[in-house]
Amino acid sequence: MRRLRSHSLTQSIGRSAPTGPPTVHAFVRSRKAKGEMRFHTQLLPALFAAAALAAKPLGDQVCVATCYFALLKAKYAGATDKAQTACTNPLRVQSTYYCIAEHCAKESVKATNDGIEWWSETCKNSSKVVNEQAYHRTISNITDTYLAGLSKVDQKTKQVFDGPALPSDANWQYMHTSTFTYADARRYNDAIRWSMYGFWGVVILAGVCNRLWTLFSSRRVRIPLQAQTGDLSVSKKASKWLNIHLLQAPTRSHHHHEPWGWFILPLRIHTIVIALYIILHILVVATRYRVVDEHDYFKSRRTQTLRWIADRLGTLMSASMPFIFLFGARSSPLPIITGWSYRTFSSFHRWVALVMLVESICHGCVFTAFYVHDKGWPDYRHRLKTDTMFRSGIFMLTAIGISAAFAHIKIRQMAYEVFKVAHIAMGIIFLANYFDHIKEKFGGDYRVWTWVCVGIWASDYFFRLVRVVWLNFNAFLGKDNRAIASYSEETGMIRLQVHVSGTPSHQSPGTYYYLHFGGWRMWENHPFSLAGSSAGEMSQATTIEPADGEKRSAVIGIQPESRDLLDGQSYKTFMIRPRKGFTRRLRDSIIKQDSSGLARLRVVLEGPYGTGANISGFNEILFLAGGSGITAILPYIRRVFEDMDQDAACPRVRLVWVVRQAGFARDVLANDLRLVKASRNAAAKLQIDVYVTSRSEEDGISEKSDSENTTTSLSDSKFTYQRPAVSEVVKQYVGSMESNRAAVFVCGPARMADETRAAVRREGRSSSKDIELFEEMYGW
């Protein structure tokens, strides 16, 4: 255990004004230090367990500490001036024992023993004279009459006492008030920070309960269509109202995914959660401060108030830090246990960080006012130049400010890699300076939050590494299983088929993977929805029938040479539209490697991530896809028509796909939906409408003369060459519903998703039917 040097109280305050008198905060650190040591030796346990170790009670030692501080300035007989003021002076020790006997008799034995233990640790090299046994020996024969006759020590006493002396009543009360209010502020701050954990605990518990209910309901048999006609039940009406006005509603207007000016507006339910979180912080900061007229550590009520507010803000900031790292972690278990998307927790991550940024600014401003009122501007300017605590605090504020600025949606869209590198770098700078900022304050108790955050961050990267090794260990062992990438001008898409090592070929809807294409850009990896999984089946040539009625043999998808390259092994399929930056460089590298658009690439896969939407209880489903958003919808359609139990009732499914190039649509219909269209329920239950927004001369058809290719017929009857009005599509669908409940699932550009949301809410309000919205968004 580290012990504090014994020096005068005035010197103590002067040396440690940044966080409080060390002679005071020393008496609360002994019990916490043990918890901190356990924390380090147990290899970063769970977040809440670590938080508990950081919140030990602070009040048990107050009475003994009051006796110690009340006699701290008094001089007792000794050979030298140093001996007269030493904390181990026999008369001082004896006087302190007598004070404890007089004032702390009503305290519990445990409280007295804890106080003596703190005293022993505070007074260096005093364990032989300051201990429980010595205390009981010293007070064993004293009486109240004897104690009443001892000399009294006041705050301003100058004499040297040649015998035991006790604090006067005024001195005792004054020092007890000072010590108690300081300890009470620390104790309350440590207690009130649990409100943050309670708040997010309730929010996450609501998500867990919803997740369990979703899993339970998904296992039930689909309700027959006839049972979903007529009026909605009371519970369904309540659920419909919540969906329309709370769960599906944007905060303002119809904007949610599409930026509203320079900002992305969360859903109304998310706004309520964020607003309650902000209100909670305001209430915690604005209430419950003990300010007294006379205080030994502060010269005025104003400095007391400023210090208590600054400490409260600092405590809340420390307690909020783990949530920033937990909500932003890619491998966080929260999306799994709640069923909420990573996008939801990313929104919480940003708002917790913004609240912390505001509190950091307030913390710095309030502490500045405290130092200026306490010591004046000259001392404050000197500290800015020389005090490590000031310098590290400024670096912390700068780091979180830069990180928040780079997280703006416009910067993320224009320069995602810059944002990501800056985010990681600023996170490291922030944690390093936080540790430096508080490492010697309050006995180092708040260092635990640094290690909690490091633990969460390290755990995230550890589990990400586990996923990478599990999916790619064959490649790491030297087996050349490079991915097959093809690009076609007719489709305008990159089709990527990646070998995997440790995952089954079965695909779960809602999953996505991060792809890294090697090279020196180690940080560059992006999420893509999984379009399909296969145990070796390859795309084959297909006869298609364009609008002119002439049948042509064409390969839709991978060139036949890639069948030999894949060699019948399992692979995962991704479809990527080249845009700019990373995806454009990928397209150019494919064309550069092979002019025919076929290339072998080294791809590192990380995943799977994401949780699927529960659409199993609906008899009618409308899928709306925009461009490459079809990749997120394909797994759901396959599950309905390929993987469903033969005896289970099949829902009516309509797919409305808005796509730029008809060649891309024919590619997907001929290859990725081939087995779906061949299923026994597809003819009666599946309707596909493709809207092509731009039409080339050849409509994406390429000539092919491979005699081994099979042929099928693709009719243009599914194709309409115009951009549909999403609101009209939804309105028409709702009007044609046979039941009173339906699911609408959308994945596409931000505007399309927002228009779909607005249309679903509008139709839900104007009709007696319950339409539930599901969505998956692509982008980064």
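**View 1. Tyrosine 512 and its partner across the sheet.** Tyrosine 512 stands opposite tyrosine 609 in S14. Strand S7 (residues 512–516) and S14 pair in the antiparallel sense over 4 bridges; pairing requires that DSSP finds at least two bridges between two strands. Strands (E, at least two residues) and helices (H or I, at least four) are DSSP runs, numbered from the N terminus. The model is predicted: local features need pLDDT of at least 70 and side-chain atom pairs count only at pLDDT 80 or more, while totals for chains, interfaces and linings use all residues. Residues are numbered from 1 along each chain as its sequence is written, and side-chain values use heavy atoms, with hydrogens and water left out.

**View 2. The open sheet S8-S7-S14.** The sheet is formed by 3 strands in this order, with antiparallel pairing. Strand S8 (526–529) and strand S14 (604–609) are the edge strands, each pairing on one side only. On average, neighbouring strands of this sheet are turned by 30 degrees against each other, direction ignored; axes are lines fitted to C-alpha atoms, and angles run from 0 to 180 degrees between N-to-C directions.

**View 3. The largest nonpolar core.** A nonpolar core is a set of buried Ala, Val, Leu, Ile, Met, Phe, Trp, Tyr and Cys residues joined through side-chain atoms within 4.5 Å, where buried means under 20% relative accessible area (1.4 Å probe, protein chains only). The largest core has 91 residues, of which Phe69, Tyr97, Ile100, Trp119, Trp200, Phe327 and Phe430 touch the most other members. Helix H15 (residues 301–328) gives the largest share of this core, 13 residues. Another core, of 38 residues, lies apart from it and includes Leu634, Leu655, Val676 and Phe745.

**View 4. Surroundings of tryptophan 119.** Contact means heavy atoms within 4.5 Å. With neighbours within four places in sequence left aside, tryptophan 119 is in contact with Val64, Tyr68, Val93, Thr96, Tyr97, Ile100, Ser126 and Val130.

**View 5. The largest cavity.** A cavity is a set of points, on a 1 Å grid over the protein atoms alone, where a 1.4 Å probe fits but cannot get out; lining residues have an atom within 4 Å of a point. The structure holds 4 cavities of 30 Å³ or more, and about 70 Å³ of space lies in the largest; a volume is the space filled by probe spheres set on the points, which are joined across faces, edges and corners. Thr181, Asp184, Ala185, Asn189, Arg288, Tyr289, Arg290, Trp308 and Arg312 form the lining of the largest cavity.

How values were computed
Buried < 20%, exposed > 50% of the residue type's maximum accessible area, 1.4 Å probe, protein only. 1 Å grid on protein atoms, 1.4 Å probe; cavity = no way out; pocket = protein on both sides within 12 Å on 5 of 7 lines; lining within 4 Å.
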